[in-house]
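Me: I am new to this structure. Could you show me how to read its features, one at a time?

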Amino acid sequence: MDFQALPEGCIATILSFTTPADVCRLSVVSKIFRSAAESDDVWNHFLPSDADIITSRADSESTSLANSHSMKTVYFALYPMIIAQGTKSFQLGRKSGKKCYMLAARALSIIWGDTPRYWKWTTLQDSRFPEVAQLLDVCWLEIRGMINTLALSPNTQYAAYLVFKMIDGIGFRHSPVELSVGSLHGQTTTHTVCLDPNLGSRPHRRVVGLPLPNERSDGWLEIEMGEFFNSGLEDEVQMSVVEIKCGNWKSGLVLEGIEVRPKEDN
């Protein structure tokens with residue numbers, strides 16, 4: 001069958017049942033495919049039903065983009081969109097088109113986070129948020145966050161990721177950190193990791209064999225905290241980063257936030 005002989009509207013309907021990445025690839029097939037790939041009907045299918053509510057919470061620059069007449073422009077304006085007075089970001093997964101959120105450090109509960117002796121709030125040029133939290137010196141590390149599942153795409157397997165940097169880090173090489181993800185109406189999973197990306201040739205026995213962070217395309221580090229399935233029913237997913245057992249003083253961690261995204265976008 002010659003798909004190019006189909007009416008443009010029919011091709012647009014077919015494209016709307018693929019993915020955003022597929023639409024971009026297929027747009028180079030021919031002129032009619034390129035025209036169909038620009039259709040509002042295609043890109044409106046990829047936008048979440050509450051896109052207007054989300055864009056209304058964005059900063060002025062993103063809001064002006066989201067008010068464009070082109071649904072494709074609206075879609076790509078959400079990469080990422082900073083919302084909630086700079087404490088969260090929203091975007092759509094590049095592969096899945098499903099909702100992704102990052103909770104900024106300011107949206108998290110950090111024990112001693114407002115005590116200048118232990119934590120410092122600062123700015124970094126390569127952070128998407130106005131502020132990040134820099135760990136100065138603590139022996140009790142405890143960071144917690146929460147997200148309501150109604151904000152996420154239903155019937156989707158999600159994972160939470162700690163997003164951070166380690167600048168002249170001290171103490172993490174000897175201190176395994178517990179990462180937990182769980183919901184009020186479901187199970188909680190906890191696993192132990194090492195946050196120090198530079199263990200060297202002789203890592204401490206406490207952290208040998210533990211998962212290590214990976215570098216992201218934006219230059220930050222991330223490590224998976226755990227997974228959960230969002231059925232679409234309302235629930236609260238709670239995420240935590242805890243190290244209170246070793247007693248070692250720790251410093252050098254720069255916290256950008258916790259990202260929640262579909263597993264299929266990895």
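Reply: Start with pockets. A pocket is an open set of grid points with protein on both sides within 12 Å along at least five of seven lines. Rolling a probe the size of a water molecule over the atoms shows where empty space is left. Keep in mind that this model is predicted.

Me: How much space lies in the second largest pocket?

Reply: About 340 Å³. Its lining has 23 residues, with His45, Phe46, Gly97, Lys98 and Ser153 nearest the centre. By type, the lining of the second largest pocket holds nine nonpolar, eleven polar and three charged residues.

Me: What volume has the largest pocket, and which residues lie nearest its centre?

Reply: The volume of the largest pocket is about 440 Å³. Gln91, Arg94, Arg216, Ser217 and Glu259 lie nearest its centre, among 16 lining residues.

Me: Now a single residue. Is Ser240 buried or exposed?

Reply: Buried means under 20% relative accessible area. Ser240 has 6%, so Ser240 is buried. Ser240 sits in strand 13, which covers residues 236–243.

Me: Which residues does Ser240 touch, leaving out those up to four places away in sequence?

Reply: Ser240 touches Ile143, Arg144, Glu178, Leu179, Ser180 and Met225.

Me: What average pLDDT does the protein chain have?

Reply: pLDDT is the predictor's confidence in each residue. The chain averages 88, and 89% of the residues score at least 70. Over residues 61–66 the pLDDT is below 50. That stretch has ten contacts in the model beyond near neighbours in sequence.

Definitions and conventions: Residues numbered from 1 in each chain as written. Predicted model: local features only at pLDDT ≥ 70, side-chain atom pairs only at ≥ 80, totals over all residues. Heavy atoms only, no water. Helix = DSSP H or I, 4+ residues; strand = E, 2+ residues; numbered from the N terminus. Buried < 20%, exposed > 50% of the residue type's maximum accessible area, 1.4 Å probe, protein only. Contact = heavy atoms within 4.5 Å. pLDDT = per-residue confidence, 0-100. 1 Å grid on protein atoms, 1.4 Å probe; cavity = no way out; pocket = protein on both sides within 12 Å on 5 of 7 lines; lining within 4 Å. Points joined across faces, edges and corners; volume = space filled by probe spheres on them. Nonpolar A, V, L, I, M, F, W, Y, C, P; charged D, E, K, R; others polar.
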